[in-house]
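This briefing goes through one protein model by topic. Please look over the sequence and the structure before reading on.

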Amino acid sequence: MTTLILTRQQAADLLGISVSTFDKWVRKGAAPAALPGTRRWSRAALEHAMGGEDTRAKADDPESVYEAWKLEEIRRGRRF
């Protein structure tokens with residue numbers, strides 16, 4: 001069974017990064033914030049934000065293309 005709601009550690013593991021890197025990504029907006037009122041993350045939101053197969057940026061959606069570019073730049077260490 002796939003867990004739909006993740007702890008911070010599980011979210012970092014899902015993304016293949018350390019907890020401290022995950023925290024940085026959340027602060028910078030590269031990863032979604034915790035669900036309101038919790039310290040848990042939505043697996044679907046994380047997969048969507050990280051470009052899951054069914055959620056890749058579409059060339060006809062400028063906002064989606066921008067968000068994909070922004071996430072990639074943050075992953076590379078660029079600060080906004």
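The model is predicted: local features need pLDDT of at least 70, side-chain atom pairs count only at pLDDT 80 or more, and totals for chains, interfaces and linings use all residues. Residues are numbered from 1 along each chain as its sequence is written, and side-chain values use heavy atoms, with hydrogens and water left out.

**Confidence**

- The protein chain has an average pLDDT of 80, pLDDT being the predictor's confidence in each residue, from 0 to 100.
- A pLDDT of at least 70 is reached by 75% of the residues.
- Over residues 53–57 pLDDT stays under 50, and the model has six contacts for this stretch beyond four places in sequence. Contact means heavy atoms within 4.5 Å.

**Overall layout**

- The protein chain contains four helices and two strands. Helices (H or I, at least four residues) and strands (E, at least two) are DSSP runs, numbered from the N terminus.
- Read from the N terminus, the order of elements is β-α-α-β-α-α.
- Of the 80 residues in the protein chain, 22% count as buried. Buried means under 20% relative accessible area, exposed over 50%, and partly exposed in between, with a 1.4 Å probe and protein chains only.
- Taking contacts between residues at least 6 apart in sequence, 44% join residues at least 24 apart.

**Nonpolar core**

- The largest nonpolar core has 15 residues, and A11, F22, W25, A31, L46 and M50 touch the most other members. Such a core is a set of buried Ala, Val, Leu, Ile, Met, Phe, Trp, Tyr and Cys residues joined through side-chain atoms within 4.5 Å.
- Two or more residues of this core come from each of α1 (8–15), α2 (19–28), α3 (43–49) and α4 (62–75).
- The element that gives the most to this core is α2, with three residues.
- Beyond four places in sequence, M50 has contacts with L15, W25, A30, A31, L71 and R75.
- In soluble globular proteins, nonpolar side chains tend to be buried together.

**Packing of α1 and α2**

- The axes of α1 and α2 are 9 Å apart, and the two helices pack at an angle of about 90°. Axes are lines fitted to C-alpha atoms, for helices over the stretch in contact, and angles run from 0 to 180 degrees between N-to-C directions.
- The two helices, α1 and α2, are therefore roughly perpendicular to each other. Angles under 35 degrees count as roughly parallel, over 145 as roughly antiparallel, 65 to 115 as roughly perpendicular and the rest as oblique.
- On the α1 side, R8, Q9, A11, A12 and L15 meet V19, F22, D23 and W25 of α2.
- I17 sits in the loop between α1 and α2 and counts as buried, at 18% relative accessibility.
- Leaving aside neighbours within four places in sequence, I17 is in contact with A12, F22 and W25.

**Salt bridges**

- The whole structure has two salt bridges, each a side-chain nitrogen of Lys or Arg within 4 Å of a carboxyl oxygen of Asp or Glu.
- D23 pairs with R8 in a salt bridge, with 2.8 Å between the closest N and O atoms. D23 is in helix α2 and R8 is in helix α1, so this pair ties together parts that are 15 residues apart in sequence.
- D23 is partly exposed at 22% relative accessibility, and R8 is partly exposed at 37%.
- E47 and R43 form a salt bridge through their side chains, at 3.1 Å from N to O. Both residues lie in helix α3, four residues apart, and are separated by about one helical turn.
- E47 is partly exposed at 36% relative accessibility, and R43 is partly exposed at 21%.
- Side chains of opposite charge can pair when their charged atoms come close.

- S42 belongs to strand β2 (residues 41–42) and is buried, with a relative accessible area of 18%.
- Not counting residues up to four places away in sequence, S42 touches L4 and L35.
- R39 lies in the loop between α2 and β2 and counts as exposed, at 72% relative accessibility.
- Beyond four places in sequence, R39 is in contact with L6, T7, R8 and A34.
- R39 and L6 are 33 residues apart along the chain, and their C-alpha atoms are 8.7 Å apart.
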